[in-house]
Amino acid sequence: MLMNTHEARLDALRKELKSRGLDGFVIPISDEHMSEYVGGYAQRLAWLTGFGGSAGTAVVLTDPSLQPAAAMFVDGRYTLQVRDQVDGRLYAYESVPQTSIAKWLETHAPHGANIGYDAWLHGKRWVEAVDKALAAKGGKVTPVETNPIDSIWEDQPAPSPAPALVHPDAFTGQASEAKRGAVSEWLGERRLDATVITALDSIAWLLNIRGTDVERTPVALSYVIAHADGTADLFIAEEKVTPELRQHLGNAVRIQPRDRFVAGLEGLSGKRVAVDPERAVSAIFERLRIGGAEVVEERDPTVLPKAIKNPVEQQGHRDAQARDGAAVSQFLHWLSVEAPKGAVSEMAAADRLQAFRQSCGDLRDLSFDTISGAGPNGAVVHYRVSEETNRTLEPNSVYLVDSGGQYPDGTTDITRTVWVGPGEPPAEVKDRFTRVLKGHVALARAVFPQGTAGSQLDVLARQFLWAAGLDYAHGTGHGVGSFLSVHEGPQRIAKSAGGQAGTDQSLMPGMIISNEPGYYKTGEYGIRIENLVLVEPREIDGAEGEFYGFETLTLAPIERRLVDTALFTRDDLAWWNAYHARVLDVVGPQLEGSARTWLEEQCAPL
């Protein structure tokens, strides 16, 4: 029934495309802000195909007789998930970065094809690449006036009307006025008149506001044009504006209706305007061009200062992690008692974990949908449990749980891999787990000079897997926001191959980043160990230059039954014991009774 529904929707889309004179259309997971997580109204790809991941794109050709007539593009995180959720009879599966939409269209689109796209959902460079590929065979890309999916999606949700919320300076550590002043200086140094800020987390950080418009990310749908004189225009739906918001923003921020944004762009005639091509959609560049502005491509000036947490934000993260660690520890204790009975499902485990988080602190939301993967589901890197896929945590199996919370003082993200007893884990599972753990420890202990990029550290986490001919198909670390996006740039720890964004960004004190190597055996089990770490200065006697290291922020025990200590070095053992002593010191006082006793056992020295 599900596939019939998606087949009917695909057929309806093709009829709509034909009526518009289009030979195809591209459907990304995106919104007008190039967001990773999008509101319900923008979930066009999920509605059309059934795909529930956070990164992917579909291409649909209007002629169904072509082979293939449609394709789904995902990266290595979703190679298993896409096959479970998207009908292979309707869509060919394509992997990026091994291929691209531009290459695929160059090969499969008809000669002279007119391929449509929504200019409010794609970046400028993407449009240029696809246009060049199609031009090679006499074709072109055409921006549509309205998205054809919206024309056939009868029960499409409306954008959220929820009010924007003031985020107090007690959590931000810096007033919005000071942040806008820094942007003003940045503009002045470059002889620019204004910058267009479209990323929702950038707007939230700059104005010290939050919202509930997007699940798992506390942002408010809006746009900002920041000017060199320190003022700004905020374009936001009128129903979202409260007296508290007006008072908070003051006279220097002019509040305008969201539907006036295009007019605001076209009103920058004759101005030198900075726009970030990685974060602003193609339509913004076009509207500025039409209006007569001089566009200068520059990275969003809030991106780096947002990533470098100030002392108040750093302490907020520590406080949030302490509460979150207590919740996760209570969950792991509960799991150790209940899971071996064979009656706990993936969904029940995820619900119980959320309940522990709600009881331990001021939880505003999860930071992403909990990845609760039992057995073979744990091998699906970004698995999301559903009624159809829900498995029981079987005795003597591996369970992977990746989860996080949104608290007003910090955003958390932690993965733990658990052995569900009562029997002993197989030697292979212990070997793989310990290799992942050794990589995690090697990265956690790293000391590196100023200017070191995440791509230069990635091998530390993979080396022990590589030595056994193994690897994992995702990055090792992503930046994390302060009560903002759980995936925040510009820093990353990942292979530099494929031009992955952020891998050339040097790591700087104050940045928070995840440390999450893994291993996945398709059809059997998945392993990942994830903590968040803070880049901090390192004092080294005789050091020539500045050196940095990591403070581990996440505090919850790691599964000791899966450790093969024969593979441990003295340094591995020292890290393990010091880490768990700290877990017990910080989390222990928050637990009572059997949970406290269990934690003491888990944190005992190896």
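Axes here are lines fitted to C-alpha atoms, for helices over the stretch in contact, and angles run from 0 to 180 degrees between N-to-C directions. Helices (H or I, at least four residues) and strands (E, at least two) are DSSP runs, numbered from the N terminus. The model is a predicted one, in which local features need pLDDT of at least 70 and side-chain atom pairs count only at pLDDT 80 or more, while totals for chains, interfaces and linings use all residues. Residues are numbered from 1 along each chain as its sequence is written, and side-chain values use heavy atoms, with hydrogens and water left out.

Helix H18 (residues 570-587) packs with helix H19 (residues 593-602) at an angle of about 160 degrees, their axes being 9 Å apart. H18 is therefore roughly antiparallel to H19, a term that applies to angles over 145 degrees. Their contact (heavy atoms within 4.5 Å) is made by His580, Val583, Leu584 and Val587 of H18 and by Arg596, Leu599, Glu600 and Gln602 of H19.

Helix H16 (residues 427-444) and helix H17 (residues 454-466) pack at about 155 degrees, with their axes 7 Å apart, and these two helices are therefore roughly antiparallel as well. From H16, Arg435, Val436, Lys438, Gly439, Ala442 and Leu443 meet Leu457, Leu460, Ala461, Gln463, Phe464 and Leu465 of H17.

Turning to open space, the second largest pocket holds about 960 Å³. On a 1 Å grid over the protein atoms alone, a pocket is an open set of points where a 1.4 Å probe fits, with protein on both sides within 12 Å along at least five of seven lines, and lining residues have an atom within 4 Å of a point; the volume is the space filled by probe spheres set on the points, which are joined across faces, edges and corners. Of its 39 lining residues, Asp118, Ala119, Trp120, Ala283 and Arg287 are the closest to the centre. Helix H12 (282-291) is among the elements that supply at least two lining residues each, and H12 gives the largest share, 7 residues.

The backbone also deserves a look. A cis peptide bond, with omega about -5 degrees, joins Gln67 and Pro68, and Pro68 sits in the loop between strand E2 (57-61) and strand E3 (70-74). Another cis bond runs from Gly489 to Pro490, with omega near 5 degrees, where Pro490 belongs to strand E23 (residues 488-493).

Terms used. Parallel < 35°, antiparallel > 145°, perpendicular 65-115°, else oblique.
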